[in-house]
Amino acid sequence: MTESPGQHPSDLELELARTGEADADVGSHIGGCPVCSASATMLRELSEALRQESPSVRIPDVVEARILRQARRAASRRPRARRLRWAAVAAAALLLALTWILRSPLRSPSLPERAGHAHSTDLNGDGVTDILDAYSLAMRIVTGGTVDATWDIDNNGQIDRRDADSLAMSIVRSDPEIRR
Amino acid sequence: MIRQLMLVLGLMAVGPVLFAQEDPEPRFATIAVCIDSGSESLAAWQIELSHVGGEAEIVGIEGGVEPFEGPPYYDEAAFRSGRVVLAAFSTERNLRPGVHRVATVHAMETGNTIEYSLILKAAGNETGSRVVARVWSSRDDCKPRGMP
């Protein structure tokens, strides 16, 4: 987290937490902060709404490359005092671009794929991620069993029934052939 | 000659109307998704549904009978393709074995030979263990196979 202790994470960090890319302390802050937890939930719902409501759009590679180039240039030529600000602007632009990319089903990997580095979805360890894993997660939550931090599928800092629902949704969505 | 020409022109004008085949009337159908988990309880299931033969479009999916009375998980975007994955689980206790109506699919069908293919991807009992089960579709209700 870039802010000093006691401060809330920025919107950008909340968004990174949603995608599983934020530092661990951002996640723990969200877990203990009702304000940030509400913001994280809002971001997640916004992302889900965008994904469901928006038409399939694929960002052209040339546009993506141009955004990245400008972001790198902006980050390298600015004095340090302003660099952070520009880096934040560039990151926000990248975030927008990523949102655009994720709106395309063809470019958008399923949750287990996308979150492979951050989430463990094969909960029962049988080598397959399917509804039995979502059931396993739901039962651990219901019975108060031990849970693992990597099962925070919706990145809201809490492991609850919504994570089991998110996992189940990613399972029925996971076949790109079926989506076509 | 003129009369013959008028007759030909007249036939050409009304022919398409007289000989055109009417498109089959589309109709709505309700299909029950049934799973028989035998002597094991059924706590979780996942299937892939597709239609074969004729034309059909899945227009809605809802739940079946307790404990799967709630709508299953599915991806509405897959409706267009005619193949959709359905899944659900129940965290209730004392789940029963045997035949379950786990979901209800609503489809708009055209033609006479619409059949639905269901592939069981996973079924599990209360302990989360994988169980052997059979899945089929029914236009009536789910009855154990072999029963009238």
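Helices here are DSSP runs of H or I with at least four residues, strands are runs of E with at least two, and both are numbered from the N terminus. This is a predicted model, in which local features need pLDDT of at least 70 and side-chain atom pairs count only at pLDDT 80 or more, while totals for chains, interfaces and linings use all residues. Residues are numbered from 1 along each chain as its sequence is written, and chains are lettered from A and ligands numbered from 1 in the order in which they are written.

So what about the other side of the helix? In α2(A), which covers residues 24–32, the buried residues are A:Val26, A:Gly27, A:His29 and A:Ile30. They sit on the same side of α2(A) because they span an arc of only 160 degrees around the axis, taking the directions from the helix axis to the C-beta atoms.

Now hop over to chain B. Chain B has one helix and seven strands, running α-β-β-β-β-β-β-β from the N terminus. Of its 148 residues, 32% are buried.

Four of the strands make an open, antiparallel sheet in the order β3-β5-β1-β7; strands count as paired if DSSP finds at least two bridges between them. At the edges you'll find β3 (55–63) and β7 (134–138) of chain B, each pairing on one side only. For a closer look, follow β3(B) to β5(B) (residues 97–110): these two pair in the antiparallel sense over eight bridges. One bridge to spot links B:Glu57 with B:Met108 in β5(B).

Finally, look at where the chains meet: 22 residues of chain B are in contact with 20 residues of chain A, contact meaning that C-beta atoms, placed from the backbone, lie within 7 Å. On chain B's side, the elements giving two or more residues are β2 (44–52), β4 (83–89) and β6 (115–124), and β4(B) gives the most, with six residues. That side of chain B has 13 nonpolar, five polar and four charged residues; Ala, Val, Leu, Ile, Met, Phe, Trp, Tyr, Cys and Pro count as nonpolar, Asp, Glu, Lys and Arg as charged, and the others, Gly among them, as polar.

Terms used:
Contact = placed C-beta atoms within 7 Å. Buried ≥ 20, exposed ≤ 12 C-beta atoms within 10 Å, placed from the backbone.
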